[in-house]
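Subject: Model for your files

Hello,

Here is the model you asked for, with its sequence. My notes on the salt bridges follow below it.

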Amino acid sequence: GLLACLLLSFSAQQGDMQGAQSALRESKHLAGCAQKISVLMEKVERKKQNEAQDEMRMEDLEAMLDGDGTTPSKKRQAAASAKTEPKPKSLQELKQEIIQLRDSKKMKEAAEVMKLYKAALKREKDAAELKRREELVKEIKTEMDYAKKQVRIFNFYRTFVDAESEQETMWEDYIAKCKDAIQNNTEGGGTVVEVSREDGGLMSVAATTGEDDFNALMKDLIEDGSNTEDGRLEIAVMGLEKLKENTNLQKLIKKKKREKKPDYPFVLRVEVVLQLPPNEHETDKSIHLVFDSAIFKKEKEENEESALVETSVDSCTFDTAQQYVDLGDRGNSPYAKLIRRRVERNKKIQISVHHVPVAPTKKGWLWSSKPTEEPPQPTLLGKMVFETQALMAKRCIAAGLFPLMNGSCTKALGGELCLVIRTGLPIGKEEVQAEPSIATLEPYKSMVFLKPEDES
């Protein structure tokens, strides 16, 4: 340390600043080492006085200088202790040991081992019970997924086939029972239940061909339930879902936040364009239908800050879910022939979904409400296209959930439209011919949840 100080002083006098800095660092390093050695020597002195402690070795001193103070001897002791830690004995081994101690008249030692045996037996039973509960919860969750699908199916069934069907409500009640059973089977959640199956009045819809495609099932089921005497084209927009996954809506939200745009109320609008003439005189026009959701707006006052309305919207329904288009008869009238020619040319049914801002209105006492300012332009959330040629032979050309696509219909944008397009009588036929169905409606054996002490 003294030598480093002399070198520092000499370098400074000679104007060698780099050498002075080097000498200063060396001085600090040596001072630190001296302090560590002083501490270690005190520990050596204490170890000499304590015969129960291990002898301090030179390698221990070096390790403590270089490391965190943990000596190699201590590390070796810890490693040896870990290696020599006995492996827990199995139930069979403990049982054999109890028998041997009993036969040797060592009853006190046998009683101690018996305690270990009972503790191990309890651990094994607890582990088995936990595994049983986990497997049962997994099974019930799978059952809930199936039940949710049936709720969706019977929502279509009640709307388009049998308005008096109660299956949708019954499946919803069944889902609630499944949730309670999961709660009861969760560790610490209540009474553990047992499960059996029996007919409880539920009906299920399944595919007879093994293809469990939801849209194919719905199209087949709804086509069978259509009124063969009604030749109108029915277009039903049941709702929009998974809107939070829509990329165009997310871009709109980011833009509004970035530009601090006013948070206008809005509606979700579905526009349908049929490339078919509305009558035999306006052959150059198309048929337009519009479906609007309820208005989405903030519940709070305008001067209160809150998140954009769009961030909380993930689904919606429509007040007027079903609209009809008169396609005339299926005979040889001029309009019927015109429709048939257009359908044979495979004209399109174009569907687009928009986010449409609604201008705020000012209500007067003696005048009607008027917009106070012009709202922003609508934003396209997605579109889809269906071909009319399928109506020549089929009564239902679309039923189920359809993804919102980009303008060229080559990429899904996120979000789904729940839609049905059907007619009672194909355009190319004067009567309906029976066809084999891929959907079957049959009784379903549902889960019954019982307490372990129940015998009934």
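The structure holds 15 salt bridges, a salt bridge being a side-chain nitrogen of Lys or Arg within 4 Å of a carboxyl oxygen of Asp or Glu. This is a predicted model, in which local features need pLDDT of at least 70 and side-chain atom pairs count only at pLDDT 80 or more, while totals for chains, interfaces and linings use all residues. Residues are numbered from 1 along each chain as its sequence is written, and side-chain values use heavy atoms, with hydrogens and water left out.

One of the salt bridges pairs Glu168 with Arg158, with 2.8 Å between the closest N and O atoms. The pair links distant parts of the chain, ten residues apart: Glu168 sits in helix 7 (residues 167-185) and Arg158 in helix 6 (residues 107-160). Helices (H or I, at least four residues) and strands (E, at least two) are DSSP runs, numbered from the N terminus. Glu168 is buried at 11% relative accessible area, whereas Arg158 is partly exposed at 32%. Here buried means under 20% relative accessible area, exposed over 50%, and partly exposed in between (1.4 Å probe, protein chains only).

Lys256 and Glu310 form another salt bridge, 3.0 Å from N to O. Lys256 belongs to helix 9 (residues 247-259) and Glu310 to the loop between strand 4 (287-292) and strand 5 (322-325), so this contact ties together parts 54 residues apart in sequence. Both Lys256 and Glu310 are buried.

Lys285 and Glu282 also meet in a salt bridge, at 3.1 Å from N to O. Lys285 is partly exposed at 45% relative accessibility, and Glu282 is partly exposed at 28%.

Regards
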